[in-house]
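Morning, everyone. Please bring the model up on your screens, and we'll walk through it together.

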Amino acid sequence: MTSYTELGLVNTKELFKKAVSGGYAIPAYNFNNMEQLQAIIQACVETKSPVVLQVSSGARKYANQNILKNMARGAVEYARELGYDIPIALHLDHGNSFELCKDCIESGFSSVMIDGSHLPYDENVELTRRVCEFAHSQKDYVTVEGELGVLAGVEDDVSSEHTHYTEPGEVIDFVSKTKVDSLAISIGTSHGRTKFKPEQCTRDANGVLIPPPLRFDILEEIEKKIPGFPIVLHGASSVPMEYVRMIEQFGGHLKDSVGIPEEQLRKAAKSAVCKINIDSDGRLAMTALIRKVLAEDPEEFDPRKILGPSRDELKKLYMHKNLNVLGSAGQA
Ligand code: G3H
Ligand code: 13P
Ligand code: ZN
């Protein structure tokens, strides 16, 4: 049993409180390997931003739970070594069972998501309530994110063809019965690099897909029901066309890619949305630079020379998000 405070981590309670009142959002970046983690820490230290390090159950299987725990400890020490002690939370992304959440809490996570959004309402309430009861009764309080409404797209072990927007009429009951610390909602974002079907979009003069706007009306209704309560936005990658084009230039195929425009995320970050989840953009940046290096230097076979440029690009991407989209820069 390891408590997150032993690793130098923090839960999300204070981070979210400040983010909601300050009108910005904390970045929640997914990671699976060392280069991604280094880039996240470098970017967040340089921009003085708090950060949520996100681990999906797939990431946990890929990287190993003991290695991940020690990577998180290493991330805290690395930030200090770089000269600025930013607050770092370690969060389970899309936990799908009580047992997985418990396991993560006992191995040093400071925050977990229990994603019961695919269950009937009463079962979602009961599962989320049980996870909260366990997480909140730890010696060091572990924060819990629940979800109401279903995002289209594919997540680990859960996927949905269709979006079901969050029903504002349910949020007061859900929050009071479960005691969740934050609530993920569905207002039109989705996971992955194809967030909308082409027929849901229009096209600009260059044929680039322009997505429909997020349902800010639903967000506003939710905010009225639970004023100041921390809201989380999943599926918030912008899918930058520069990376999509680079990947295609060097042999990849990423047809119909479309993300959430940055202006809409900027608007969301100013509201009660205090955590914005980004995974796909990092994957795109990393793949783009790997493809470029391999195509431009076919003789290269040193992984450091192949992954180093990806790590630099990831750092640039995360700095840009903190500084220009989420508003988290300078808030640590
Ligand atoms: O929401 C899903 C995240 O992007 C994690 O993806 O389950 O493939 O690690 P993953
Ligand atoms: P993206 O696929 O838009 O990066 O969303 C990531 C996410 O929501 C992780 O939980
Ligand atoms: Zn998600």
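I'll go from the overall fold to the barrel, then the metal site, and finish with the cysteines.

Some ground rules. This is a predicted model, where local features need pLDDT of at least 70 and side-chain atom pairs count only at pLDDT 80 or more, while totals for chains, interfaces and linings use all residues. Residues are numbered from 1 along each chain as its sequence is written, chains are lettered from A and ligands numbered from 1 in the order in which they are written, and side-chain values use heavy atoms, with hydrogens and water left out.

Start with the whole chain. There are 12 helices and 12 strands. Both are DSSP runs numbered from the N terminus: helices are H or I with at least four residues, strands are E with at least two. The radius of gyration, taken over C-alpha atoms, is set against a globule rule of 2.2 Å times the number of residues to the power 0.38. Here it is 19 Å, close to the 20 Å that the rule gives for 332 residues, so the chain is as compact as a globular protein of that length. The C-alpha trace spans about 60 × 45 × 35 Å along its principal axes.

How much of the chain is buried? Of the 332 residues, 58% are buried. Buried means under 20% relative accessible area, exposed means over 50%, and partly exposed is in between, with a 1.4 Å probe and protein chains only. Now contacts, meaning heavy atoms within 4.5 Å. Among contacts with a separation of 6 or more, 76% are between residues 24 or more positions apart.

Next, the barrel. Eight strands close up in the order β1-β2-β3-β4-β5-β8-β11-β12, with parallel pairing. Two strands pair if DSSP finds at least two bridges between them. Strands β3 and β4 run parallel and share three bridges. One residue pair to find is H91 with its bridge partner S111 in β4. Both faces of β4 are covered: S111 and M113 are buried on one side, V112 and I114 on the other.

Look at helix α6, residues 121-136. The helix lies across β4 and β5, at about 175 degrees to β5. Such angles run from 0 to 180 degrees between N-to-C directions, and axes are lines fitted to C-alpha atoms, for helices over the stretch in contact.

Now the metal. Which residues hold the zinc ion, ligand 3, as protein donors? They are H94 (NE2), H191 (NE2) and H234 (ND1), lying 2.1 Å from the zinc ion. Donors are N, O and S atoms within 2.8 Å of the metal (3.2 Å for Na, K and Ca); water is not among the atoms, so sites may look incomplete. H94 sits in strand β3 and H191 in the loop between β8 and β9, so this pair ties together parts 97 residues apart in sequence. H94 is buried at 6% relative accessible area. H191 is buried too, at 15%.

Last, cysteines. The structure holds zero disulfides, a disulfide being a pair of cysteine sulfur atoms within 2.5 Å. For C44, the nearest cysteine sulfur is that of C274, 16 Å away. C44 is buried, at 0%. For C132, the nearest is that of C101, 9.3 Å away. C132 is buried as well, at 1%.
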